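The exercises below go through side-chain pairings and nonpolar packing one step at a time. Try each task on the sequence and the structure before reading its solution.

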Amino acid sequence: MAVTFGWGPTEARVLAPRAACVVVVDVLSFTTSVGVAVEAGTAVYPYRWRDATARAYADRRDAVLAVGRSEATPEHPWSLSPAALRAAPPAPCLVLPSPNGSTIAAEAGDAPVVAASLRNRTAVAAWLAERGYGSESRPLVVIASGERWPDGSLRPALEDLLGAGAVLSALRAAPGAAGARELSPEATAAATLWEAADDPVAALHRCDSGRELYEYGHPQDVAVAAEVDTSETVPVLRDGAFQEAAP
């Protein structure tokens, strides 16, 4: 199929070698945070580990290191929280650790990588369609990040299924060749779920990951992630960092 859909780092690793482009969707909150930061002019370096090596990685790139939400302070407000990043002073370069979205970006190998969320889903679809990504031999691959269970296994996440479906639905409707290309059954199912959802914004607030953020005291992150089609920014991984796509 010209456009395919999958889940998590393992499927990204399997599908990426043949992919024309890999679209990462991690709505709560990696790709939403990437979009917010890139909008402000920040180059975002994804990093898959939240440990001491992240600090060394940031130092090598003369970049600010995003910390966990609970570790953020007024002096160091940069974290995985999209709401906090929106309020923080823009940094020229930011290292954003994430075991989900960042790992998928790393597993994409040499394929182009785009960070998509509900906020930029139509902008991403239009950008992909204009470039004609997707054919049977070189498919466009959309990967929903999901979450992780305590044992490290994948926990499918509704917000990422909706986010991927939102991008795929916009791609299916986009003018140009890519919009007319065939979606796999899995991609079609994700797009159909988005189109059939009565209130996807309410679902985002009530899903497991949304409720977790409420319980941890970060409802504003869900609110930012639910800003459907408010951004024209298309973050593309270039030279190791997500940056605004070239015109």
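A salt bridge is a side-chain nitrogen of Lys or Arg within 4 Å of a carboxyl oxygen of Asp or Glu. This is a predicted model, in which local features need pLDDT of at least 70 and side-chain atom pairs count only at pLDDT 80 or more, while totals for chains, interfaces and linings use all residues. Residues are numbered from 1 along each chain as its sequence is written, and side-chain values use heavy atoms, with hydrogens and water left out.

**Exercise 1.** Find how many salt bridges the whole structure holds, and work out which parts Arg 119 and Glu 39 tie together.

Solution. A search of the whole structure gives 11 salt bridges. In the one between Arg 119 and Glu 39, the closest N and O atoms are 3.0 Å apart. Arg 119 belongs to the loop between β6 (113–116) and α6 (121–131) and Glu 39 to helix α2 (residues 30–39), so this pair ties together parts that are 80 residues apart in sequence; helices (H or I, at least four residues) and strands (E, at least two) are DSSP runs, numbered from the N terminus. For the surroundings, buried means under 20% relative accessible area, exposed over 50%, and partly exposed in between, with a 1.4 Å probe and protein chains only. Arg 119, at 4%, is therefore buried, whereas Glu 39, at 36%, is partly exposed.

**Exercise 2.** Decide whether the rings of Phe 30 and Phe 242 are stacked, tilted or edge-to-face.

Solution. Rings of Phe, Tyr and Trp (its six-membered ring) pair if their centres lie within 6.5 Å, and planes under 30 degrees apart count as stacked, over 60 as edge-to-face and the rest as tilted. The whole structure has 6 aromatic pairs. The ring centres of Phe 30 and Phe 242 are 6.3 Å apart and the planes stand at 65°, so the pair is edge-to-face. Phe 30 is in helix α2 and Phe 242 in strand β11 (residues 241–244), so parts that are 212 residues apart in sequence are tied together. Phe 30 is buried at 1%, and Phe 242 is buried at 0%. Elsewhere, ring pairs join Tyr 45, Tyr 47, Trp 49 and Tyr 57 into a cluster.

**Exercise 3.** Which residues touch the most other members of the largest nonpolar core?

Solution. A nonpolar core is a set of buried Ala, Val, Leu, Ile, Met, Phe, Trp, Tyr and Cys residues joined through side-chain atoms within 4.5 Å. The largest core has 45 residues, of which Val 23, Leu 128 and Leu 168 touch the most other members. Helix α7 (residues 158–173) supplies the largest share of this core, 7 residues. Beyond its neighbours within four places in sequence, Val 23 is in contact (heavy atoms within 4.5 Å) with residues including Val 114, Leu 128 and Val 142.
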